[in-house]
Amino acid sequence: MSGPLLVVLALLSAVAPFATDMYLPSFTELAADLHTGASSVQLTLTTFLIGLAAGQLVIGPLSDRYGRRGPLLVATAAVTVAGALCALAPNIWMLVVMRFVQGFAGSAGIVIGRAVAADRTSGPAAAKVFALLASIASIGGIAPVVAPLAGGALAGTAGWRGVFWVLTGISALMLFGSLFVVPESLPKAQRHAGGLAETGRVMRRLFADRSYVGHTFAFALGFAGLMGYISASPFVVENVLGLSTTAYTLDFAVNACGMVISGLVNSCLVGRFSPDVLLRAGQAAALFFSALLLALLAAGLPAVAVLPALFGLACSLTFVLGNASALAVGRAPYAAGTAAAVMGALQFGLGAVVSPLVGLGGEHTGLPMGVTLLTAALLGIGARLLTRGAAPVAAPDSEAALAEHTAVRG
């Protein structure tokens, strides 16, 4: 897989986090300008996230039926148009609807990006590509910090509408990249026919495959750990450990760089070790550092002891995300789009659940974060153990063979 294609696929998956967070500093101005209340403005974020989750479950199967390139181009164009209509919205309800469209169409970058990677690679090569995607896309994890800062700067000069015009420009750039860099990766002979009935059979086969289910949950729980860290770390570092906002931003940047480097290291190791071995190593490291982090926070030790544990945890999660996603999607070469869609929906679903959990104890304790991260690590290992003894992957050549295989596995 070429470098430009890899970069475009990673950037496609990073648009959604920025569309989520960049306009947050503009909420007050937006409410005043559109003469509405805070709850209505918050609804624009809720509908975007609903669209992001639902869109993957629709666009993934569609890409298995019609190919990758067509749905990606249509969806990316829709994101661009929706962004412009958000910027021009005359009232809050227009903005709410367009944010749903923006999230729904924007999910194509996530799900089709993974499907294209699965189409063009397999085995250790796929694990290497997914590791690189995870390391590059992990920059998207900085979005909760970088996007609001950028959005705040933009809001101060161009207002909330200016923020959406910038998002529209980013979407247009992604449309340009999709048009000229991303090829069609799914031959017509390998596409599905049969509509919802065929999608239902594919779903049943996926959920009957213990290896797919186990690796998908391992990936989603690894992402849940990452979201727990991102959501709670500002309060833990600043309120519990007593560091400044500038110090937190610097620490976050160091950890993000560590994730990128660990992803590159993981991709280099794939040729020498199997993705399963590297996944187990990543999960073991995540378990160790999350347990260490909980113990350090419980003991009330200072930042000099806690921050290295956070760094180690962040780096270990890259090994989990890259290898688990490759192993999961690799189980379904016959339906990579649907497999990636299920994985993505579960990923964001668990991430949404974890984010409020880490703050249950308030802003002045890190124990909920430590407990949540340790629980996610333990459950992730449990999910991987489900894959033991799973049957080898097979790719039926026809709809009838798929139905027969599903019946046998069931």
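In the largest nonpolar core of this predicted model, which has 53 residues, the members that touch the most others are Leu-206, Tyr-212, Leu-226, Leu-293, Leu-310 and Met-369; a nonpolar core is a set of buried Ala, Val, Leu, Ile, Met, Phe, Trp, Tyr and Cys residues joined through side-chain atoms within 4.5 Å, where buried means under 20% relative accessible area, exposed over 50%, and partly exposed in between (1.4 Å probe, protein chains only). Helix α12 (303-329) gives the most to this core, with 14 residues; helices are DSSP runs of H or I with at least four residues, numbered from the N terminus. Apart from this core lies another one, of 23 residues, including Leu-52, Ile-92, Leu-95 and Val-163. Residues are numbered from 1 along each chain as its sequence is written. Local features need pLDDT of at least 70 and side-chain atom pairs count only at pLDDT 80 or more, whereas totals for chains, interfaces and linings use all residues, and side-chain values use heavy atoms, with hydrogens and water left out.

Helix α9 (210-240) is largely enclosed by the rest of the structure, because 22 of its 31 residues are buried. Just after α9, Gly-242 takes a positive phi of about 80°.

Four salt bridges are found in a search of the whole structure, each defined as a side-chain nitrogen of Lys or Arg within 4 Å of a carboxyl oxygen of Asp or Glu. In one of them, Asp-209 pairs with Arg-331, the closest N and O atoms being 3.0 Å apart. Asp-209 lies in the loop between α8 and α9 and Arg-331 in the loop between α12 and α13, so this pair ties together parts that are 122 residues apart in sequence. Asp-209 counts as buried at 6% relative accessibility, and Arg-331 counts as buried at 11%. Asp-64 and Arg-68, both of them buried, also form a salt bridge, with their closest N and O atoms 2.8 Å apart.

Definitions and conventions
Helix = DSSP H or I, 4+ residues; strand = E, 2+ residues; numbered from the N terminus.
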